[in-house]
Amino acid sequence: MKIYNTLTRQKEEFVPLHENEPLIYACGPTVYNYIHIGNARPICVFDVLRRYMEYRGMKVKFVQNFTDIDDKIIRKANEEGSDYLTVSRRFIEEYKKDAEGLNVRPATIHPKATENIDEIISIISTLVEKGYAYAAENGDVYFRTLKDTEYGKLSHQPLEELQAGARIATGEIKEDAMDFALWKAAKPGEPSWPSPWSDGRPGWHIECSAMARRYLGKTIDIHCGGQDLIFPHHENEIAQSECCNGVPFARYWMHNGYINVDNRKMSKSLNNFFTVRDVAEKYGYEPIRYLMVASHYRTPINYSAEVIEQCRAGLDRLYNCKENMEFLLSHGQEGMKEGEEEIFARFTTHRDHFIEAMEDDLNTADALSCLFDLARDINSAMTAEAQPSRDFVEKTLKLYMELADVLGLLYQKKESSLDAEIEALIEKRAEARKNKDWATADAIRDELKARHIVLKDTPQGVKWSIEE
């Protein structure tokens, strides 16, 4: 498998440190509110990365953190008159609901920043001892950015440009404007933990270095997240981790592209800010998932009502193929018919193309096209008139769902039962057709259509579907 490595700016063959056991760290949400659709992209994309590696037989250790102490969380707690624990715990649970709705598998470990204070203090202490960090008079601890000669290697920005953009915020006491906080002394009324420098809390960047080291080791295989995290967050993670541990931090860096809304950057000030929950309540979760995998993960994507409707239409096509096979499965004969083995062999070529796409830097866009190509060929070969065998349908359905599952699609269980009254009408219509009472049969069909139930007569029997 080849992966585009942000660090080297080229595609590289992925070879894990430990054979078939990739170590992956994904930056998780800061839990002060519901996740927005921009958050959903890395969550879905890197879930597909993990799914694909597991599909190929790898044993993935996947860590995704929760930032459960932060300025935004404290501000939210103050607005509510509650505390950081109440806020963070509530929105961790809300995240889990959205992640489940998006069919995102839980991480191997979901650590929290506040559960790793000792590890954070240990790393900061080592950096202070090595001269890479210093304690300011107010109890803050800062990283000496200029002492790290490789600083800027991930973002590929010259040091002069980084220095030109650096600022010292109110209340900060730093040797240089580029230095960043590892530990923040607590202000009155803020939550805090004891440390050698002050009662305070960790800076944002240090928590990921601590959790990656504790749960995966000093060197990991893949660190991933949104493009917006390259600088300063991931750049600072590299600096503090490598200066502390003396070894490379992450061997491959993967970053997904931005999401725009109606071709503009998503922003509360532009009134185009959408949470996953908002969109799911109107369109469902699966169209959001589909949107996130329908484009290559490094390309920017655009969200709009029209785009999400197109995603729903695409899903309907895929579900129709699945439901046709499920119907035929319950009516087919045992044993493969002549010629079906050859047709199935042709179907498997789509799996080969699917794997080729995923091996090329997780190209989910081309992989999804392979799934549609397979659906087209299935629909062509598996007509009701062809009366495919049960074994043929079963093998094909398994192949189809195998590929869909790698992308995390087609996971909704559609309601397939009808109430007794409607079932009775379908039976009554069948009896009328048997007796060649076409007027009664047509009247029942029209009545059911008015209830959004569409009937299709096939050699195997009546097939019904619910029309949205």
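## Basis of the description

Contact here means heavy atoms within 4.5 Å. The model is predicted, with local features requiring pLDDT of at least 70 and side-chain atom pairs counting only at pLDDT 80 or more, whereas totals for chains, interfaces and linings use all residues. Residues are numbered from 1 along each chain as its sequence is written, and side-chain values rest on heavy atoms, with hydrogens and water left out.

## Nonpolar cores

Leaving aside residues up to four places away in sequence, Ile222 touches Ile3, Phe14, Leu23, Ile24, Tyr25, Leu49, Met53, Tyr252 and Met254. Ile222 and Tyr400 are the residues with the most contacts inside the largest nonpolar core, which has 133 residues; such a core is a set of buried Ala, Val, Leu, Ile, Met, Phe, Trp, Tyr and Cys residues joined through side-chain atoms within 4.5 Å. Buried means under 20% relative accessible area, exposed over 50%, and partly exposed in between, using a 1.4 Å probe and protein chains only. A second, separate core has 7 residues, including Leu425, Ile426, Ile444 and Leu448.

## Packing of H4 and H6

Helix H4 (residues 117-129) packs against helix H6 (residues 204-216) at an angle of about 105°, and their axes are 9 Å apart. Helices (H or I, at least four residues) and strands (E, at least two) are DSSP runs numbered from the N terminus, while axes are lines fitted to C-alpha atoms, for helices over the stretch in contact, with angles running from 0 to 180 degrees between N-to-C directions. H4 and H6 are therefore roughly perpendicular to each other, angles under 35 degrees being roughly parallel, over 145 roughly antiparallel, 65 to 115 roughly perpendicular and the rest oblique.

From H4, Glu119, Ile120, Ser122, Ile123 and Ile124 meet Ile206, Glu207, Ser209, Ala210, Arg213 and Arg214 of H6. By class, this contact has 5 nonpolar, 2 polar and 4 charged residues, where Ala, Val, Leu, Ile, Met, Phe, Trp, Tyr, Cys and Pro count as nonpolar, Asp, Glu, Lys and Arg as charged, and the others, Gly among them, as polar.

## Aromatic pairs

The whole structure holds 13 aromatic pairs, in which rings of Phe, Tyr and Trp (its six-membered ring) have centres within 6.5 Å, with planes under 30 degrees apart counted as stacked, over 60 as edge-to-face and the rest as tilted. Tyr84 and Trp193 form an edge-to-face pair, 5.9 Å centre to centre with 70° between the planes. This pair links distant parts of the chain, 109 residues apart, with Tyr84 in helix H3 (residues 84-101) and Trp193 in the loop between strands E7 (180-185) and E8 (200-202). Tyr84 is buried at 16% relative accessible area.
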